[in-house]
Amino acid sequence: MSMATFAIFFLVPRLAGATAEGMASRYVGRTATEETAKLAAERLGFNDPLVVQYGRYVKGIVSGAEYDYGAGVEQCPAPCLGYSFITRQPVFPDLMNRLPVTLSLAVGAALIWVLLGVGIGVLSALRRGTVFDRFAMIVALAGVSLPIFFTGLISLQVFAYGNPFSWAAQGGYYVTIEDSPARWAYGLLLPWITLAFLFAATYARLTRAGMLETMNEDYIRTARAKGLVERKVIVKHGLRGALTPIITIFGLDFGLLIGGAVLTETAYSLNGLGKYAIDAITNQDLPKVMGVTLLAALFVILANLIVDLLYAVVDPRVRLT
């Protein structure tokens, strides 16, 4: 992932004709003069071969790095994911300060959308063709179709800002769980619901499709023929078989969300990794963008590793013998 990240931000621009000075301007910001960019390119080693630059980048992640910005040399302790010349701060501590906000948003929303989406999907499959099934799938289709920046802003206007329906916290309200668990949940409740509505719709449709397919399998008919109660047939045999694709999608979705829920954090003004990335792109602060990208990739890899391990727990058919 470090090679892919480095190639995206350094190799591809060079192949597209970017100069060393142009690359340096992405480190020192939009307002930097041509002379400043040229000096920064020399100090940062952008005139060196790309292999040397990549080696320096990986070394910084493992053992830290030093950055010469002209007026002095700044230390970036390991793991050094970059140093922002605009804020004069290492990137990794900033990422760790923003991570609790994103993690709180992702975990809360994930619990809601999994319970709601899977539950509705199972009920819709068991009541196929009924009014409940059709209504649930219409709502799911609306949830998939409506973008988060639309539902987020509408939810803020209806439920947060000065009207008879106001019950939720306004945008930008966040209290750490250590300070007050109740206020922490109150501030994130509306973002949780908004984000979960988008994902729950997808999970409901996937669960419904998986249950319809699984409930027609031979082992389901065998379980019923053996006299098992219907609840046990549905939960232990039917649902477990239908959860494998759900777990796969959940690993990808959750890993990406921990890397930054960009639209949700921007809509609700939450200072998490997503908003951090948006601010970095706006200010053309390349080290911050690279740091968020590499950290998000790490979360996706870890989430997929956990998902692979859970396959054997959920579905006995994939266990190794």
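**A predicted model in questions and answers**

The protein chain of this predicted model comprises 13 helices and 4 strands.

Me: What share of the residues in the protein chain is buried?
Reply: The protein chain has 321 residues. A residue counts as buried when its relative accessible area is under 20%. Buried residues make up 42%.

Me: What are the dimensions of the box that the C-alpha atoms fill, and what part of the accessible surface belongs to carbon and sulfur atoms?
Reply: Taken along the principal axes, the box filled by the C-alpha atoms is roughly 80 × 60 × 40 Å. The accessible surface of the protein chain is about 17,000 Å². The part belonging to carbon and sulfur atoms is 65%.

Me: Among contacts between residues at least 6 apart in sequence, what percentage join residues at least 24 apart?
Reply: The contacts considered are those in the protein chain between residues at least 6 apart in sequence. Those that join residues at least 24 apart come to 61%.

Me: Which residue forms a salt bridge with aspartate 48, and is aspartate 48 buried or partly exposed?
Reply: Because its relative accessibility is 30%, aspartate 48 counts as partly exposed. The closest N and O atoms of the pair are 2.7 Å apart, and the partner is arginine 56.

Me: Where do arginine 221 and aspartate 218 lie, and how far apart are the closest N and O atoms of their salt bridge?
Reply: Both residues lie in helix α9, 3 residues apart, which is about one turn of the helix. An α-helix has 3.6 residues a turn, so residues three or four places apart point the same way. Arginine 221 is partly exposed at 46%, whereas aspartate 218 is exposed at 53%. The closest N and O atoms of their salt bridge are 2.3 Å apart.

Me: Are lysine 288 and aspartate 285 buried or exposed, and how many salt bridges are counted in the model?
Reply: The side chains of lysine 288 and aspartate 285 meet in a salt bridge, with an N to O distance of 3.8 Å. Both lysine 288 and aspartate 285 are buried. The count for the model comes to 6 salt bridges.

Me: Which residues gather in a patch of positive charge on the surface?
Reply: One of them, lysine 226, is found in the loop between α9 and α10. Because its relative accessible area is 67%, lysine 226 is exposed. The residues of the patch are Lys226, Arg231, Lys232 and Lys236.

Me: How far apart are the mean positions of the positive and negative charges?
Reply: The protein chain has 26 positive and 22 negative charges. Their mean positions are separated by 12 Å.

Me: Which helices do the buried residues of α12 pack against?
Reply: Helix α12 spans residues 273-282, and its buried residues are Leu273, Gly274, Lys275, Tyr276, Ala277 and Ala280. Following α12 is glutamine 284, with a positive phi near 55 degrees. The buried residues of α12 pack against α5, α10, α11 and α13.

Me: Why does threonine 194 count as buried, and which residues is it in contact with?
Reply: Threonine 194 is found in helix α8. Its relative accessibility is 4%, so threonine 194 counts as buried. Leaving aside neighbours within four places in sequence, its contacts are Ile148, Thr151, Gly152, Ser155 and Tyr268.

Me: Which residues is arginine 205 in contact with, leaving aside its neighbours within four places in sequence?
Reply: Arginine 205 is found in helix α8 and is partly exposed, with a relative accessible area of 40%. Arginine 205 and alanine 136 are 69 residues apart in sequence, while their C-alpha atoms are 9.1 Å apart in space. The contacts of arginine 205 are Met137, Ala140 and Leu141.

Me: Which residues does a cis peptide bond join?
Reply: The loop between β2 and β3 holds proline 79. Omega of the cis bond is about -10 degrees, and the residues joined are alanine 78 and proline 79.

Me: What are the phi values of arginine 88 and serine 269?
Reply: Arginine 88 is placed in the loop between β3 and β4 and is partly exposed at 42%. Serine 269 is found in the loop between α11 and α12 and is partly exposed at 35%. Neither is a glycine, yet phi is positive: near 60 degrees for arginine 88 and about 55 degrees for serine 269.

Methods:
Residues are numbered from 1 along each chain as its sequence is written. This is a predicted model: local features need pLDDT of at least 70, side-chain atom pairs count only at pLDDT 80 or more; totals for chains, interfaces and linings use all residues. Side-chain values use heavy atoms; hydrogens and water are left out. A salt bridge is a side-chain nitrogen of Lys or Arg within 4 Å of a carboxyl oxygen of Asp or Glu. Buried means under 20% relative accessible area, exposed over 50%, partly exposed in between (1.4 Å probe, protein chains only). Helices (H or I, at least four residues) and strands (E, at least two) are DSSP runs, numbered from the N terminus. Patches are made of residues with over 30% relative accessible area and no salt bridge: like charges are joined within 9 Å, nonpolar side chains (Val, Leu, Ile, Met, Phe, Trp, Tyr) within 5 Å. Accessible areas come from the Shrake-Rupley method with a 1.4 Å probe; for residues, only the protein chains shown count as cover. Lys and Arg count as positive and Asp and Glu as negative; His and the chain ends are not counted. The place of a charge is taken as NZ of Lys, CZ of Arg, CG of Asp or CD of Glu. Contact means heavy atoms within 4.5 Å.
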